[in-house]
Amino acid sequence: MQNEIELERTFLIKKIPEKLEKCKSKKLVDIYIPRKIGHAAVRIRQQGDKFFITKKTKIGSANELREETIEITEDDFERYIEVANQAN
């Protein structure tokens, strides 16, 4: 289990970098539960062929969160998606 503090930052770029399509990439899917509040308590993530669930706890200002992450199976990931869809 990873225990991390996340500091989110946002950047606005003026243009898309040239030759971006030639860069390596991997599929990233994030689903936040519940979906209807500002900072969700739980995130499920697919990162390439790996799957994770993360518990998020606010520890300070709006952009300071403690995250606890564990790896899960693809079957667990699919079940969490079903739960998230039923909750909305």
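Glutamate 74 sits in helix H1; helices here are DSSP runs of H or I with at least four residues, strands are E runs of at least two, and both are numbered from the N terminus. This is a predicted model: local features need pLDDT of at least 70, side-chain atom pairs count only at pLDDT 80 or more, and totals for chains, interfaces and linings use all residues. Residues are numbered from 1 along each chain as its sequence is written, and side-chain values use heavy atoms, with hydrogens and water left out.

Glutamate 74 is partly exposed, with a relative accessible area of 46%. Buried means under 20%, exposed over 50%, and partly exposed in between (1.4 Å probe, protein chains only). A surface patch of negative charge gathers Asp49, Glu71, Glu74, Asp75, Glu78 and Glu82. Patch residues have over 30% relative accessible area and no salt bridge, with like charges joined within 9 Å. Asp and Glu count as negative. Their charges are placed at CG of Asp or CD of Glu. Helix H1 (residues 74–87) gives the most to the patch: four residues.

## Salt bridges between strands

Side chains of opposite charge can pair when their charged atoms come close. A salt bridge here is a side-chain nitrogen of Lys or Arg within 4 Å of a carboxyl oxygen of Asp or Glu. The count by this rule is four.

Arginine 45 and aspartate 30 form one of them, at 2.6 Å, N to O. Arginine 45 lies in strand S3 (residues 42–47) and aspartate 30 in strand S2 (residues 28–33), so this pair ties together parts 15 residues apart in sequence. Aspartate 30 is partly exposed, at 27% relative accessible area.

Lysine 56 meets glutamate 67 in a salt bridge at 3.3 Å, N to O. This pair links distant parts of the chain: lysine 56 is in strand S4 (residues 50–58), glutamate 67 in strand S5 (residues 64–72), 11 residues apart. Both lysine 56 and glutamate 67 are buried.

Arginine 79 pairs with aspartate 76 in a salt bridge at 2.5 Å, N to O. The two are three residues apart in helix H1, so about one helical turn separates arginine 79 from aspartate 76. Arginine 79 is partly exposed, with a relative accessible area of 48%. Aspartate 76 is also partly exposed, at 25%.

Note on methods:
Patch = residues over 30% accessible without salt bridge, like charges linked within 9 Å, V, L, I, M, F, W, Y side chains within 5 Å. Areas by Shrake-Rupley, 256 points an atom, 1.4 Å probe, with all protein chains shown as cover.
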